[in-house]
Amino acid sequence: MPLDQSFVGRTYPPTDPYEVGREKIREFAEAVGDPNPAYTDPEAAKALGHADVVAPPTFVFSITFKAAGQVVQDPQLGLDYSRVVHGDQKFAYRRPVRAGDRLTVTSTIEAIKSLAGNDVIDIRGEVHDASGEHVVTAWTKLVARAAEED
């Protein structure tokens, strides 16, 4: 059964704040194999005009994808997560994510489509810091594969 189109535009409450730590940034940079010193060395980051180390561009995925869980787990939406695959991801930054940021994410369903029996849902995550400044917008596309017929 296709997902209900009336969910398009639904916004979920902001997440609890996530405090970005230097060690998490370092671990993430190592995991993705990015040796940029601005991710691990405060002095290198300061030389580039940052107050502290900054996170690689895809770092924010870890918190926006978790926030999208509010959408995925909404029982009224009826999404079968066991059939979901990650379809696409993109980001639009206002400024880099920095160590010490306390970030919240507000998720909104932007689109729901049915293609060849598959449900495609687009979720926009607006990321703000503790002062309310917009840091980045992340778009996540999830595809719920059609159930296999017997």
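In which element of the chain is confidence lowest, and in which is confidence highest?

**Figure 1. Overview of the chain in the predicted model, with its confidence.** Confidence is lowest in helix 3, at a mean pLDDT of 93, and highest in strand 1 (residues 18–19), where the mean is 98. Over the chain the pLDDT averages 94, and 98% of the residues score at least 70. Where pLDDT is low, the predicted coordinates should not be read in detail. The secondary structure of the chain comprises 3 helices and 5 strands, and from the N terminus these elements follow the order β-α-α-α-β-β-β-β. The C-alpha trace spans about 60 × 30 × 20 Å along its principal axes, and 42% of the 150 residues of the chain count as buried.

Figure 2. A search of the whole structure finds 3 aromatic pairs. In the pair formed by F61 and F65, the ring centres lie 5.1 Å apart and the planes meet at 25 degrees, so the pair is classed as stacked, the angle being under the 30 degrees that sets the limit for this class.

**Figure 3. The aromatic pair F91 and Y93.** The rings of F91 and Y93 form a tilted pair, with 6.4 Å from centre to centre and 45 degrees between the planes. F91 has a relative accessibility of 24% and therefore counts as partly exposed; Y93, at 31%, is also partly exposed.

**Figure 4. The charged end of K90 over the ring of W139.** What sits over the ring of W139, and how far is it from the centre of that ring? The charged end of K90 takes this place, 5.3 Å from the ring centre of W139.

**Figure 5. The largest cavity and the residues that line it.** The structure holds 1 cavity of 30 Å³ or more, and the volume of the largest cavity is about 30 Å³. Its lining is made up of T64, A68, V105, S107, I123, R124, G125, A138 and T140. Helix 3, strand 3 (102–115), strand 4 (118–128) and strand 5 (134–144) are the elements that give two or more residues to this lining, and strand 4 gives the most, with 3 residues. By class, the lining of the largest cavity divides into 4 nonpolar residues, 4 polar residues and 1 charged residue.

**Figure 6. The second largest pocket, lined in part by helix 3 and strand 3.** About 150 Å³ of space lies in the second largest pocket, and the residues lining this pocket are T15, D16, P17, Y18, I63, K66, A67, L103 and V105. Helix 3 and strand 3 each supply at least two residues of the lining, the largest share, 3 residues, coming from helix 3. The lining of the second largest pocket has 6 nonpolar, 1 polar and 2 charged residues.

**Figure 7. Two alanines in loops, A55 and A116.** The phi angle of A116 is near 50 degrees, a positive value in a residue other than glycine.

Key. Residues are numbered from 1 along each chain as its sequence is written. This is a predicted model: local features need pLDDT of at least 70, side-chain atom pairs count only at pLDDT 80 or more; totals for chains, interfaces and linings use all residues. Side-chain values use heavy atoms; hydrogens and water are left out. Rings of Phe, Tyr and Trp (its six-membered ring) pair if their centres lie within 6.5 Å; planes under 30 degrees apart count as stacked, over 60 as edge-to-face and the rest as tilted. Buried means under 20% relative accessible area, exposed over 50%, partly exposed in between (1.4 Å probe, protein chains only). A charge sits over a ring if NZ of Lys or CZ of Arg is within 6 Å of the ring centre and within 35 degrees of the ring normal. On a 1 Å grid over the protein atoms alone, a cavity is a set of points where a 1.4 Å probe fits but cannot get out, and a pocket is an open set with protein on both sides within 12 Å along at least five of seven lines; lining residues have an atom within 4 Å of a point. Grid points are joined across faces, edges and corners, and a volume is the space filled by probe spheres set on the points. Helices (H or I, at least four residues) and strands (E, at least two) are DSSP runs, numbered from the N terminus. Ala, Val, Leu, Ile, Met, Phe, Trp, Tyr, Cys and Pro count as nonpolar, Asp, Glu, Lys and Arg as charged, and the others, Gly among them, as polar. pLDDT is the predictor's confidence in each residue, from 0 to 100.
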